[in-house]
Amino acid sequence: MTETGSRTGVLIIAHGALAQEMLNTLEFITGPQPRARAIALDHALDVDRARAMVVEAIDALMTPKGVLVLTDLFGGAPSNIALSTLDEKNIEIVAGVNLPILIHAVSLDEALSLRAMAEALRDYGRNNIFRASDFFSGKK
Amino acid sequence: MPAKLVKLQVTLTNKWGLHARSSYALAALARSFSAAITVTRGGARADAKKMDELLALAVEPGAQMELTAVGPDEERAAAALVELIASKFGEKE
């Protein structure tokens, strides 16, 4: 089951192979996501080259509403490079991406504004972290 | 005219039960209908349009659950969901 159409673009940026593996896992669960891309950043990459890759991917995913950028760690290089494009690109960045956030990102109500989408993803990610035994003892 | 209510018992026959892929598929299909759809298992209830709520039911293979649909397209919704579940969510055995 896929829900693609003219969906808001989703760009995952993370250290090493994490972004691509997250995208692979997302597609394993949801089916193909042509409106999602992954970028791996590592220390072998020149900062200008890394920034150019991010800008190119944002442009490729751009819609009138903008692009959702999901990064792995606030303050890390992937987040910082995404932040450096904030003044020139219509994006919202959610840092600390996890699998619940990613799946929710491709299931969001397209009637929401980009900002509302980002806020919904932040809240969804937080709300889907459990101490598993609390869940089964009703303390969820 | 008051909305009709469709209530059905279904058994999960796929290999992994209501796991990530099957929960996503069920929620995505449920969202394509206007009807309010709930899945109940034991005393726990989930909005069928929300994957996280479906996952929280922890429905194992072979378990029975109850589908309830209320709304303008409740019969079509229930039939589509039953078909998806009967197809084992398209999973290979």
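Biologist: Which residue forms a salt bridge with A:Arg7?
Modeller: A salt bridge here needs a side-chain nitrogen of Lys or Arg within 4 Å of a carboxyl oxygen of Asp or Glu. For A:Arg7, the closest N and O atoms are 2.8 Å apart. The pair links distant parts of the chain, 103 residues apart. The partner is A:Glu110.

The model is predicted: local features need pLDDT of at least 70, side-chain atom pairs need 80 or more, and totals for chains, interfaces and linings use all residues. Residues are numbered from 1 along each chain as written, chains are lettered from A and ligands numbered from 1 in written order, and side-chain values use heavy atoms, without hydrogens and water.

Biologist: How many salt bridges does the rule find across the interface of chain A and chain B?
Modeller: Over all chains the count comes to 10. Across the interface of chain A and chain B, the number is 0.

Biologist: How many residues of chain B are in contact with chain A?
Modeller: Contact means heavy atoms within 4.5 Å. Chain A brings 12 residues. Chain B brings 10.

Biologist: What area do chain A and chain B bury between them?
Modeller: Buried area is the accessible area (1.4 Å probe) that two parts lose on being put together, summed over both. Here 64% of it lies on carbon and sulfur atoms. The total is about 1100 Å².

Biologist: Which ring lies under the charged end of B:Arg21?
Modeller: A charge sits over a ring if NZ of Lys or CZ of Arg is within 6 Å of the ring centre and within 35 degrees of the ring normal. The charged end of B:Arg21 is 4.2 Å from the ring centre. The ring belongs to A:Phe28.

Biologist: How far apart in space are B:Ala36 and B:Thr68?
Modeller: B:Ala36 is in contact with B:Thr68, B:Ala69 and B:Val70, leaving aside neighbours within four places in sequence. B:Ala36 and B:Thr68 are 32 residues apart in sequence. C-alpha to C-alpha, the distance is 8.0 Å.

Key:
Helix = DSSP H or I, 4+ residues; strand = E, 2+ residues; numbered from the N terminus.
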